[in-house]
Amino acid sequence: GIGAIDALHALTADGQLSDITFLLDLDPDLGLSRAEARAGEETRFEEETRDFHRRIRQGFGMLAAREPERFLLL
């Protein structure tokens, strides 16, 4: 959740955030189909469920909405 992400930022970055964050927003179904087509050895994230990927996308979208001055949505 967002609270966990905030806590990790506070712990690992001493509360410092980047001036700008580029958020590359891609539909999870499209992204996963591209990853499957590559069929590389790294599959840790590709093996997660589509629901997992949708929740991650939603979480990043919430962060971007909360801090529009910092996030650039692409």
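User: Where does Leu63 sit?
Analyst: Leu63 is in helix α3. Keep in mind as we go that this is a predicted model.

User: Is Leu63 buried or exposed?
Analyst: Leu63 is buried: its relative accessible area is 4%, and the cut-off for buried is under 20%.

User: Which residues does Leu63 touch?
Analyst: Not counting residues up to four places away in sequence, Leu63 touches Ile2, Ile5, Asp6 and Phe71. Take Asp6: Leu63 and Asp6 are 57 residues apart along the chain, and their C-alpha atoms are separated by 9.7 Å.

User: OK, helices next. At what angle do α1 and α3 pack?
Analyst: Helix α1, residues 2-12, packs against α3 at about 70°, and the two axes are 10 Å apart. That makes α1 roughly perpendicular to α3, since angles of 65 to 115 degrees count that way.

User: Which residues make that contact?
Analyst: From α1 you have Ile2, Ile5 and Asp6, and from α3 there are Gly59, Met62, Leu63 and Arg66. They divide into four nonpolar, one polar and two charged residues.

User: And which hand does the crossing of α1 and α3 have?
Analyst: α1 passes α3 in a right-handed crossing.

User: Now α2 and α3. How do their axes cross?
Analyst: The axes of α2 (residues 28-38) and α3 come within 9 Å and cross at roughly 125°. So α2 and α3 are oblique to each other. Their crossing is right-handed.

User: Which residues are in the contact there?
Analyst: On the α2 side, Pro28, Asp29, Leu32 and Glu36 take part, and on the α3 side Arg50, His53, Arg54 and Arg57 do. Sorted by type, the contact of α2 with α3 has two nonpolar, one polar and five charged residues.

User: Switching topic: where is Arg70?
Analyst: Arg70 lies in the loop that runs between α3 (50-66) and β2 (71-73).

User: Why is Arg70 called buried?
Analyst: Because its relative accessible area is 8%, and anything under 20% counts as buried.

User: What does the side chain of Arg70 make a polar contact with?
Analyst: The partner is the side chain of Glu67, at 2.8 Å.

User: Leaving aside neighbours within four places in sequence, what is Arg70 in contact with?
Analyst: With those set aside, Arg70 is in contact with Leu17, Ser18, Asp19, Ile20 and Thr21.

Note on methods: Residues numbered from 1 in each chain as written. Predicted model: local features only at pLDDT ≥ 70, side-chain atom pairs only at ≥ 80, totals over all residues. Heavy atoms only, no water. Helix = DSSP H or I, 4+ residues; strand = E, 2+ residues; numbered from the N terminus. Buried < 20%, exposed > 50% of the residue type's maximum accessible area, 1.4 Å probe, protein only. Polar contact = N/O pair within 3.5 Å; in protein donor to acceptor, adjacent residues only side chain to side chain. Contact = heavy atoms within 4.5 Å. Axes fitted to C-alpha atoms, helices over the stretch in contact; angles between N-to-C directions. Parallel < 35°, antiparallel > 145°, perpendicular 65-115°, else oblique. Left-handed = near helix turned anticlockwise from the far one by under 90°. Nonpolar A, V, L, I, M, F, W, Y, C, P; charged D, E, K, R; others polar.
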